[in-house]
Amino acid sequence: MTKYAALLLAGLASASAFAPASVTPRTNIAARAFANGMVGGEGPEPMPFTTANTSVNFDPAGFAERAPEWLPWFREAELKHGRAAMLATVGFVVPEFVRIPGDQFSFEAVPKVIDAHDALPDSMGQIFLWISLLEACSFAALANMNEYDRAPGDFGFDPLGLFPMDPEKQKTMQLAELKNGRLAMIAIGGMVAGAAVTGKGFPYLP
């Protein structure tokens, strides 16, 4: 009986060598990584008023776990808003010191930048038109997002060739853009609020 048991165990062991490897104990590293391994969860900035007190893998609403298939779209939206916010912060501060030619853009016509929205309705319409055009140009890329043939936010636009070839340097630049974009989104909100509340120009303090 012992001999038969030994032969049976040996047969099972040899058969298991040809069986497909189980994926349970060793899952894909990228799938296990936070947000599919996208940059941005590294931290380690402190996060007050949170249970973890750190920004590592900061996702209090649980979007990464609840909707993993939407992660590329989430990152695309974050990058797009961050880029717009970075341009907005520059566009909000520079006109406080320098204006483009034209009487309607002069300091006499528009003393404070925040008043330009109401003082220049035609210009606001043009800005809205160009933004809409650029947004429409990205529809095709967004529609193909889940095919994963491109990274979120990558439109192949790099006329100066600044994006490095080294993968580690690429991650460093992507993280820098992401963090600066996040800061700019907060900054432009604070700048607009400060200008509206105080009624003063840069630095928008009482």
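**Surface patch, aromatic pairs and model confidence**

V98 is exposed, because its relative accessibility of 54% lies over the 50% cut-off. In this predicted model, V98 is found in the loop between α4 (71–93) and α5 (116–119). Together with V90, V94, F97 and F202, V98 makes a nonpolar surface patch of about 490 Å².

The whole structure holds 6 aromatic pairs. One of them joins F63 and F74, whose ring centres are 5.7 Å apart and whose planes meet at 55°, so the pair is tilted. F63 belongs to helix α3 (residues 63–66) and F74 to helix α4, so this pair ties together parts that are 11 residues apart in sequence. F63, at 43% relative accessibility, counts as partly exposed, and F74 is also partly exposed, at 28%.

W70 and W73 form a pair with ring centres 5.8 Å apart; the planes stand at 85°, so the pair is edge-to-face. W70 is partly exposed at 43% relative accessibility, and W73 is partly exposed at 40%. Ring pairs link F63, W70, W73 and F74 into a cluster.

The mean pLDDT of the chain is 77, with 78% of residues reaching 70 or more. Where pLDDT is low, predicted coordinates should not be read in detail.

Key
Residues are numbered from 1 along each chain as its sequence is written. This is a predicted model: local features need pLDDT of at least 70, side-chain atom pairs count only at pLDDT 80 or more; totals for chains, interfaces and linings use all residues. Side-chain values use heavy atoms; hydrogens and water are left out. pLDDT is the predictor's confidence in each residue, from 0 to 100. Patches are made of residues with over 30% relative accessible area and no salt bridge: like charges are joined within 9 Å, nonpolar side chains (Val, Leu, Ile, Met, Phe, Trp, Tyr) within 5 Å. Accessible areas come from the Shrake-Rupley method with a 1.4 Å probe; for residues, only the protein chains shown count as cover. A salt bridge is a side-chain nitrogen of Lys or Arg within 4 Å of a carboxyl oxygen of Asp or Glu. Helices (H or I, at least four residues) and strands (E, at least two) are DSSP runs, numbered from the N terminus. Buried means under 20% relative accessible area, exposed over 50%, partly exposed in between (1.4 Å probe, protein chains only). Rings of Phe, Tyr and Trp (its six-membered ring) pair if their centres lie within 6.5 Å; planes under 30 degrees apart count as stacked, over 60 as edge-to-face and the rest as tilted.
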